[in-house]
Amino acid sequence: MILTCGEALIDMLPRESTQGEAAFAPYPGGAVFNTAIGLGRLGVLTQFLCGMSSDFLGDILRDALDASHVDHSPSPRLNAPCTVAFVKLVNGQATYAFYDENSAMRSLNAAPEIDADAMFFGGISLVGNGCGDTYEALMLREAPRRVTMIDPNIRPTFIKDVAAYRARINRMMAAADIIKLSDEDLHWMEGDGDLAELANGLVAKGSKLVCITEGAKGVTGYSAEHTVFVPSERAVVADTVGAGDTFNAGTLAGLERAGALTKERIANLSAEDIRAALRLGVRAAAVTVSRAGANPPTAAELGL
């Protein structure tokens with residue numbers, strides 16, 4: 001069982017009505033939500049933890065999780081609004097207007113007892129107080145006895161207190177068994193320098209596997225014993241929404257298939273363990289970028 005901890009929200013995507021008017025359509029989303037969906041579709045027993053609104057927007061989120069076989073029973077139904085992000089596209093580039101203050105997601109202030117083998121954290125839910133405090137406390141409490149992974153998926157324009165945010169992510173990365181960062185995220189956190197040196201610096205601090213993605217080039221996994229590069233798979237790109245989130249799901253699913261999501265095994269990964277997990281992450285992400293929106297593949301689509 002993998003417990004995914006982080007945001008679920010409604011993306012309001014630009015559309016055109018039948019009368020030709022500008023309109024918006026609601027779609028379930030959020031970085032950690034997408035990873036949970038990806039894991040569920042790959043056949044991994046998955047739970048999801050996020051404060052979710054008791055309103056009809058919260059129902060959209062719960063219905064989507066149900067459809068992908070993700071258990072959302074750890075997520076409380078709260079009498080607070082759902083986080084909503086309106087999306088504007090200009091020449092294919094997206095900008096966002098977030099409505100998040102006092103939302104159900106932000107209002108999560110306690111975590112249930114945990115029954116999972118591994119836990120995943122990340123996304124905008126780690127920015128600021130409220131649920132960010134709750135998720136950090138949960139990770140630091142459970143990290144000594146469960147495999148933990150973090151992908152901060154850094155959105156600089158969303159961060160108001162940079163120093164506090166950096167401090168939180170550094171504390172959580174120091175406790176994490178697995179860290180995933182894009183090359184841009186790595187430089188944002190660790191400064192300029194050679195990617196391999198920066199990644200190995202995180203390994204030296206205690207992480208068992210550090211995955212650095214470089215867009216269309218591919219991903220490199222670093223451990224104390226191995227450096228493994230896996231190139232991206234060719235795909236006709238519709239958009240890159242949810243690509244990193246799906247990669248996280250595929251990589252965790254690959255480690256789960258190898259029986260590597262225990263504290264002992266994650267500390268002793270072979271090069272082939274790492275390669276197989278990263279390859280599954282890359283394969284899953286290639287499907288997602290080939291179709292519009294965050295739409296991770298099923299196990300059957302990948303021939304698993």
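Two strands are taken to pair if DSSP finds at least two bridges between them, and by this criterion strand 10 and strand 11 of the predicted model are paired, since five bridges join these two strands, which run parallel. Within this pairing, Phe120 has Met149 of strand 11 as its bridge partner. On the other pairing examined here, strand 1 (residues 2-5) is joined to strand 10 (residues 118-122) by four bridges, again with the two strands running parallel, and Leu3 stands opposite Met119 in strand 10.

These strands belong to an open sheet of nine strands, in which the order is 6-4-1-10-11-12-13-14-15 and the pairing is mixed. The edges are formed by strand 6 (70-71) and strand 15 (227-231), each of which pairs on one side only. Helix 1 (residues 31-41) packs on the sheet and touches strand 1, strand 4 (46-49), strand 6 and strand 10, and the direction of helix 1 makes about 165° with that of strand 4. Helix 4 (residues 162-175) also packs on the sheet, where it touches strand 10, strand 11 (147-151) and strand 12 (178-182), its direction making about 145° with that of strand 11.

In a regular strand, the side chains alternate between the two faces of the sheet. In strand 11, Val147, Met149 and Asp151 point one way, whereas Thr148 and Ile150 point the other way, and all are buried. Because five of the five residues of strand 11 are buried, this strand is largely enclosed by the rest of the structure.

Two packed helices are described by the angle between their axes and the distance between the axes. For helix 5 (residues 183-190) and helix 6 (residues 195-204), the axes come within 11 Å and cross at roughly 65°; angles of 65 to 115 degrees count as roughly perpendicular, and helix 5 and helix 6 are therefore roughly perpendicular to each other. The crossing of these two helices is left-handed. Asp183, Leu186, His187 and Glu190 of helix 5 make the contact with Leu195, Leu198, Ala199 and Leu202 of helix 6, and by class this contact of helix 5 with helix 6 has five nonpolar, one polar and two charged residues.

The C-alpha atoms of Glu113 and Val236, which lie 123 residues apart along the chain, are separated by 43 Å.

Methods:
Residues are numbered from 1 along each chain as its sequence is written. This is a predicted model: local features need pLDDT of at least 70, side-chain atom pairs count only at pLDDT 80 or more; totals for chains, interfaces and linings use all residues. Side-chain values use heavy atoms; hydrogens and water are left out. Contact means heavy atoms within 4.5 Å. Axes are lines fitted to C-alpha atoms, for helices over the stretch in contact, and angles run from 0 to 180 degrees between N-to-C directions. Angles under 35 degrees count as roughly parallel, over 145 as roughly antiparallel, 65 to 115 as roughly perpendicular and the rest as oblique. A crossing is left-handed if the near helix is turned anticlockwise from the far one by less than a right angle, and right-handed if clockwise. Ala, Val, Leu, Ile, Met, Phe, Trp, Tyr, Cys and Pro count as nonpolar, Asp, Glu, Lys and Arg as charged, and the others, Gly among them, as polar. Buried means under 20% relative accessible area, exposed over 50%, partly exposed in between (1.4 Å probe, protein chains only).
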